[in-house]
Amino acid sequence: MKALQITAWKSAPQLRDVAEPDPGPGQVVIRVAGAGACHSDLHLLHDFEPGMMPWNPPFTLGHENAGWVHALGDGVSGFDIGEPVAVYGPWGCGRCKRCQVGMENYCERAAEQPAAGGGLGYDGGMAEFMLVPAARLLVSLGDLDPVAAAPLTDAALTPYHAIKRSLPRLTPGATAVAIGIGGLGHMGVQLLRALCAARIIAVDTRAEALQLALDSGADHAVVSGDSAAEEISELTKGVGADVVLDFVGVEATLALAASVARPLSDITVVGISDASYPFGFFTVPYEASMATTYWGSRPELMEVLELARLGRIQTEVHRFPLVEAPQVYERLAAGEFTGRAVITPN
């Protein structure tokens, strides 16, 4: 079968012929319906070097995946052949306390695992078929379209987790600022609207992204730049934001996040980069917390899928065949997409 693989760090992905996976005991093979092209894949392709991770190429890309059950290994029950399923992305040990409660994104034995998940050291979903090492990592989709559901496993789950931890601050009259309206950001705006009654301010450099934010439920759209902090201050009557979600994570957006937050606020950095911001007594508002988050839990993925099933959230999906996947990553790096590009191998 064909698969889009990273064959070496700091190299372009390649379409290669690989063997079709065969499930062992407890394992499941899915026929892939959709695999999201995520900005974090660009870091895998361009920023990682030998020795940075305990795992190395080659492996198939694609950590946002959904499809249909194709084959069941010995001992697997609870799923039927042909059943549509989403794949939970971070794969932990399955035995530690956090994994036992579904928080495999924060597995206590992560450093001991041979890889981090499908598309992250293990073979991911940018292929006709994908091997999932344990049935616990699958969630039934019911009547949801698996192509549209694939990005929900990261582009929705990740902001959902970040927002959920700050819900006590998102009361009526509060303000949430979402910086960066891309694959995660446009879902973040929808989730904010679905989960709370706070004022939502979206920030981006692109007019089309800001329009997508407004269409997704944002109350205000602010162009990122020198005047963004002042405009947000005016919109909050000088009070500032109760929750700031930075879906970009570069130095400029970190600085903006800190500058618009109010005392007793949450500043959550969701976007992955190597940028940093000086946390100190005089650099952030009093009792403001700065945190990073990584993905979300399996129970939270079930909640995200239920929100989609109820029609409260929906992904802005651009579909592409597997043969076009290398060019999709070039376009993703150029910032051409609003919403999520999804590769459809089948």
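I take helices as DSSP runs of at least four residues, and strands as runs of at least two. The model I am looking at is predicted.

**Whole protein**

I looked up the secondary structure first. I found ten helices and 18 strands in the protein. Next came the radius of gyration. It is 20 Å, close to the 20 Å that the globule rule gives for 346 residues, so the protein is as compact as a globular protein of that length. I also noted the box that the C-alpha atoms fill. Along the principal axes, it is roughly 60 × 40 × 35 Å.

**Inside and surface**

How much of the protein is buried? I read 56% of the 346 residues as buried. I then checked contacts between residues at least 6 apart in sequence. Of these, 71% join residues at least 24 apart. The accessible surface comes to about 14,500 Å². Carbon and sulfur atoms hold 52% of that surface.

**Charges**

I looked up 23 positive and 39 negative side chains. The centres of the two sets lie 6 Å apart.

**Proline 90**

Where is proline 90? I found it in the loop between strand E6 (84-87) and helix H2 (97-100). Is proline 90 buried or exposed? Its relative accessible area is 2%. Buried means under 20%, so proline 90 counts as buried.

I listed its contacts, leaving aside neighbours within four places in sequence. They are Glu104, Asn105, Ala116, Leu137, Tyr294, Trp295 and Gly296.

Last, I checked one distance. Glutamate 324 is 234 residues from proline 90 along the chain. Their C-alpha atoms are separated by 26 Å.

Definitions and conventions: Residues are numbered from 1 along each chain as its sequence is written. This is a predicted model: local features need pLDDT of at least 70, side-chain atom pairs count only at pLDDT 80 or more; totals for chains, interfaces and linings use all residues. Side-chain values use heavy atoms; hydrogens and water are left out. Buried means under 20% relative accessible area, exposed over 50%, partly exposed in between (1.4 Å probe, protein chains only). Contact means heavy atoms within 4.5 Å. The radius of gyration is taken over C-alpha atoms; the globule rule is 2.2 Å times the number of residues to the power 0.38. Accessible areas come from the Shrake-Rupley method with a 1.4 Å probe; for residues, only the protein chains shown count as cover. Lys and Arg count as positive and Asp and Glu as negative; His and the chain ends are not counted. The place of a charge is taken as NZ of Lys, CZ of Arg, CG of Asp or CD of Glu.
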